[in-house]
Every structure is written in C-alpha cells, then in structure tokens.
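Student: Could you help me learn to read a protein model? I would like to start with the aromatic rings.

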Amino acid sequence: MNKLKKIFILIGLCFIFSSTVTAQNFPQGSTSGVTQMNGNVDGPRIPNVAVQITSPQSGQEVAFSVRLLLILTIFTLAPSILILVTCFLRFSIVLDFVKRALSLQQVPPTAVLNGIAFFMTLFVMWPTFTNIYNNAFKPLNNNEISIQEAYQNAEAPLRMFMYEQQAEDTSYIKMFMSMARLEKPNTLADVPTYILIPSYILHELTVAFKIGVLLYIPFIIIDMVVASILMAMGMMMLPPVQISMPFKLILFVLVDGWGLLTQNLFASVLH
C-alpha cells in the first residue's frame, strides 16, 4: 500500500509540474526547445463529402441518368466486348485445346496462355486498331467530329473484320437474320451490328473447335498405341497418360509445334 501511495504521489507531482511549467530549456550544451506546440500550426483538415439525391425535374435529366448508366455498363463490359469481337476467342480456345491434348495440367498456366493469346490478338488486330484510332478517337479528341460520327468510324473497321472472317460461310448470319425476321441482306451494310456480332462469335467457336479436333488426332493416336502396349504387357494399373505424355511432348517439340500452331492460326485469320 505504501508503494502504491508513493507511485500516485509521483504521478500527481508530474501533472502539477507539467501544468505549471510552460517552457523549459534542455540541459546545457544541447539545443534549446519548448514542450508546447507552436500555435501557428494548423491541424489536419478532413473534407466534407456530401451526396445529394434528387428527383428528375425534366426529361433531359432522366435521359442523362439513363445515358450515364449505359456508359458505366459499357465500361464494365468493355473487356468482354473486346474479347468477343476480336480473334482472341479463337486463339485462347485453340491454345487451351493444345494444353489438354498434351495432357498437361499446370504447364503452361492459364494466365500465360491468355497472355499469349492477347499479344497474338494485338498483332493481328493492330491495323484495325490503328484505323479506329486515326479515324475515330483522334478526330474526336481534336473536336473535329461528333461522338456519333466517332462511333460509326470505330464500328466500321470491326464490322469489316468480323464479316471478312465469315465471308466463306455466312450461314450464321443467315440464321440470325431469319430468327430476327429480317429480309435477306444484299450487302454488308444491310446486316445490323446486333446480328453480326453473335454470328461472328458462333463462327469463331466453330472454327476453334474444328482446329482443336485436328490437333487432338495425333495425340489420341499416341495415347491409343501406348494404352495397347500397356494392356499387352499386363500393366493395366499403370496410367497410360504417364507414359504417353513424354512421347507427345517429344513429338510436339520435334515438329516445332508452337511455330506451326502460330503460323496456322495467323493464316486462318489473315486469309
């Protein structure tokens, strides 16, 4: 108890000393200073954020709100839109088919395959993107054209690219035109964009699966040969994939699989 009393007495003396002494110099030989903060120093300022929600008073305000909502939605879906209207869809599916045909689980990772598909797409689509930049974005940035004209100038190269990929097989365009109960188009201008995009997506899926089937055939033959040999040797408990995977990798490397695959993918798009 006596020790506790002494401690409380010392604490009280410290408070009394700090309240009565306003300034005190440091020991001799050291820089002088004070224990009080300068009164000219301002404290931190926290801004006041106010959100006000009001009812629209005119049709223009309603239209502006709807337009803003549509713009935010487009920005959110922009990556998906760019993926679906370019050759990225074909490249990514074919590369995934190659990975599965080689019986590879973790190598190369999916992120690496998507990166390869992205830069291959950038290489193929670069003339189209350059055309969009020169005819749509740059004039709009210089206030030379309106936003409607910029949209039309940006839409035209993409429409031409999607139509060129389907020039040899327009069955999907005809299918969607008949489903929409539209008349038979005479030129590309008669095909609406909302018809051209889904037909292009289905066309790309079909082409990618056709290429994937052709890639699977030689590797399936190797799997069947290895499985037959293991069955003949009575090694039924050994998974054939463990034996066939090295042979498939050797074959893929010897024929320069990545080079052949890249050249044929480019040839399938830039025909």
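Student: Are Phe 91 and Phe 266 buried or exposed?

Tutor: Phe 91 and Phe 266 are both buried, where buried means under 20% relative accessible area and exposed over 50%, with partly exposed in between (1.4 Å probe, protein chains only). A word on the source: this is a predicted model, where local features need pLDDT of at least 70, side-chain atom pairs count only at pLDDT 80 or more, and totals for chains, interfaces and linings use all residues. Residues are numbered from 1 along each chain as its sequence is written, and side-chain values use heavy atoms, leaving out hydrogens and water.

Student: How do I read a pair of rings?

Tutor: Look at the distance of the centres and the angle of the planes. Rings of Phe, Tyr and Trp (its six-membered ring) pair if their centres lie within 6.5 Å; planes under 30 degrees apart count as stacked, over 60 as edge-to-face and the rest as tilted. There are 9 aromatic pairs here. Phe 91 and Phe 266 are edge-to-face, because their ring centres are 6.1 Å apart and their planes stand at 65 degrees. This pair links distant parts of the chain, 175 residues apart: Phe 91 sits in helix α3 (residues 88–101) and Phe 266 in helix α9 (residues 257–269). Helices are DSSP runs (H or I, at least four residues), numbered from the N terminus.

Student: Which residues form one aromatic cluster with them?

Tutor: The cluster consists of Phe 91, Phe 123 and Phe 266.

Student: And is Met 233 buried or exposed?

Tutor: Met 233 counts as exposed because its relative accessibility is 55%. You will find Met 233 in the loop between α7 (193–232) and α8 (240–254).

Terms used:
Helix = DSSP H or I, 4+ residues; strand = E, 2+ residues; numbered from the N terminus.
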